[in-house]
Amino acid sequence: MSNSKNKWLVPLAFTNIYVIWGITFLAISFGLKGFPPFILSGLRFLVAGILMIGYLLSKGEKANSLINWKKNAITGILILTGGTGLVAWGEQYVTASEAAISIATGPFWFIAIDRKNWKYYFSDKFIPIGLVIGFVGLVLFLKGSVQPSNAVHAAVDGNLRITAFIVLGLSSVAWVLGSLYSKKNPASQSTFMNIAQQLIVAGIAAFFIAFLRKEWTGFSVSAIPTSAWLGVLFLIFFGSIVAYLSYIWLLSVKPAALVSTHTYINPIVTVIAGWIVANQSINGGQLYGLAIILLGVLLTNVTKYFKLSKRSKVKLRRVRRFFNRTNKRYQPI
């Protein structure tokens with residue numbers, strides 16, 4: 001892939017995961033109006049995976065490597081079934097905006113779990129400071145979330161909402177584990193085929209969990225409202241194909257912690273989309289906690305944002321020497 005094409009694809013891929021996945025939290029809440037959480041997740045993953053692998057097989061690509069299926073199964077179950085599936089379960093008891101904000105802790109988990117890079121992470125004083133600040137922000141956000149901020153969830157028990165936030169935290173951990181595994185154990189196929197296999201396995205796993213949870217009992221397709229079908233269609237084509245493809249590709253070309261920054265852009269998109277489309281809102285305490293979480297995540301990544309390349313440092317030294325010589329030349333006698 002040429003450098004010019006790569007430069008164009010990177011910002012496009014980041015835009016996809018920033019915007020589309022922000023709206024995805026809202027699409028899940030619409031899907032839940034007609035589907036139980038793991039049936040919803042299984043449907044979106046399996047349909048998207050079958051569409052992708054059908055297209056790839058028709059083009060002559062092979063999918064007969066058991067090793068690649070195994071690698072993609074682990075990634076798919078962790079990221080999709082565990083990560084996204086648990087988000088769908090959590091959104092039964094919290095709003096889309098609250099779920100998105102809870103997932104904003106993702107970059108912290110990347111740093112905490114990626115032990116091989118601890119020496120690098122903790123050599124930067126901003127990272128441990130950011131971790132502490134982010135944890136304080138999470139506590140404040142959860143404190144402001146015990147009471148429902150939306151009339152739809154007014155009847156939900158406070159303890160159940162706390163459980164939902166804990167599950168959302170676990171979903172973030174599962175997502176990070178899957179992302180790191182994918183980055184360190186890439187399958188030897190095209191990115192499209194890897195994603196198709198991940199989606200298919202994740203969909204089957206989600207349907208199996210739905211069976212264990214007896215979600216199929218009493219489930220009726222005829223009772224599903226149009227808004228839920230629209231939510232599912234968005235999740236299949238945009239959330240599970242376009243954005244997920246962008247995410248897995250970015251993991252192959254950019255540091256995992258940097259790619260994970262989508263988790264603190266998504267809440268902003270979700271809040272705006274929820275306010276426009278579904279009249280969702282968050283309270284002042286939650287906003288205060290969100291601001292502190294974002295500050296903490298910014299600090300953990302501040303060195304990456306402002307780190308200069310060797311070439312830039314050389315140029316700056318040359319400019320500095322030029323101005324020093326100029327100042328000496330024109331100093332008053």
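The chain contains 14 helices and 0 strands, where helices (H or I, at least four residues) and strands (E, at least two) are DSSP runs numbered from the N terminus. The structure is a predicted model, in which local features need pLDDT of at least 70 and side-chain atom pairs count only at pLDDT 80 or more, while totals for chains, interfaces and linings use all residues. Residues are numbered from 1 along each chain as its sequence is written, and side-chain values use heavy atoms, with hydrogens and water left out. Of the 333 residues in the chain, 50% are buried (under 20% relative accessible area with a 1.4 Å probe, protein chains only; exposed means over 50%, and partly exposed lies in between).

Helix 3 (residues 66-90) and helix 8 (residues 158-184) have axes that come within 8 Å and cross at roughly 160°. Helix 3 is therefore roughly antiparallel to helix 8, a term applied to angles over 145 degrees. Such angles run from 0 to 180 degrees between N-to-C directions, and the axes are lines fitted to C-alpha atoms over the stretch in contact.

Helix 10 (residues 226-253) provides the largest share of the nonpolar patch, 4 residues. F237 lies in helix 10, and F237 is partly exposed, with a relative accessible area of 40%.

Key: Angles under 35 degrees count as roughly parallel, over 145 as roughly antiparallel, 65 to 115 as roughly perpendicular and the rest as oblique.
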